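This report examines how selected residues are placed and what they touch. Please consult the sequence and the structure shown below while reading.

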Amino acid sequence: MEKKERQNLFDAVKIAIEEMRSSGQEVDFQSVARKLGVARSTLYRNLAVRELVEEVRRKRRGGVVPYSRLVEEVADLRRRVEELERKVQEISFKNYSVES
């Protein structure tokens with residue numbers, strides 16, 4: 001799928017979700033696919049679209065986070081921990097040097 005087609009799909013899904021939410025309809029992959037006249041697999045294959053639909057579902061369910069977001073958060077936390085560990089080592093080395 002071309003970049004423009006992917007963007008068009010994303011825009012169409014966003015509009016469909018807004019319409020569905022405002023009319024109180026259930027928002028999930030099947031209902032969005034039905035509304036747009038596309039296969040569910042089309043929605044799943046487009047990462048941005050998948051995350052958009054999952055975000056709406058997560059808000060409705062109250063806290064389920066998409067897997068891709070968890071992976072990003074874990075990577076971010078890992079970087080932050082490594083940075084803090086480096087700072088602790090620097091401080092420990094400086095304190096050791098001063099005491100010697």
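## A buried arginine

In this predicted model, R57 is located in helix α4, which covers residues 47-61. R57 is buried but takes part in no salt bridge. The nearest side chain of opposite charge belongs to E54, 5.6 Å away; a salt bridge requires the nitrogen and oxygen atoms to be within 4 Å. Apart from neighbours within four places in sequence, R57 contacts V27, D28 and F29.

## The nonpolar core

The largest nonpolar core contains 13 residues, and V13, I17, V27, V32, L43, V49 and V53 have the most contacts inside it. Helices α1 (3-22), α2 (29-36) and α4 each give two or more residues to this core. When residues up to four places away in sequence are set aside, I17 touches V27, V32, L52, V53 and V56.

## Helix α2 and its ends

Within α2, the buried residues include F29 and V32. D28 caps the N-terminal end of this helix, with a side-chain oxygen 3.2 Å from the backbone nitrogen of Q30. Just after α2, G37 adopts a positive phi of about 75 degrees.

## Salt bridges

The whole structure holds four salt bridges. One of them joins E19 and K35, at 3.3 Å from N to O. Because E19 lies in α1 and K35 in α2, this pair ties together parts that are 16 residues apart in sequence.

Another salt bridge links E55 and R58 at 2.4 Å, and both of these residues are buried. E83 and R86 also form a salt bridge, with their closest N and O atoms 2.9 Å apart. Both lie in helix α5, about one turn from each other. E83 is partly exposed, at 33% relative accessibility, and R86 is partly exposed at 43%.

Conventions
Residues numbered from 1 in each chain as written. Predicted model: local features only at pLDDT ≥ 70, side-chain atom pairs only at ≥ 80, totals over all residues. Heavy atoms only, no water. Helix = DSSP H or I, 4+ residues; strand = E, 2+ residues; numbered from the N terminus. Buried < 20%, exposed > 50% of the residue type's maximum accessible area, 1.4 Å probe, protein only. Lys, Arg positive; Asp, Glu negative; His and termini not counted. Contact = heavy atoms within 4.5 Å. Core = buried A, V, L, I, M, F, W, Y, C linked by side-chain atoms within 4.5 Å. Polar contact = N/O pair within 3.5 Å; in protein donor to acceptor, adjacent residues only side chain to side chain.
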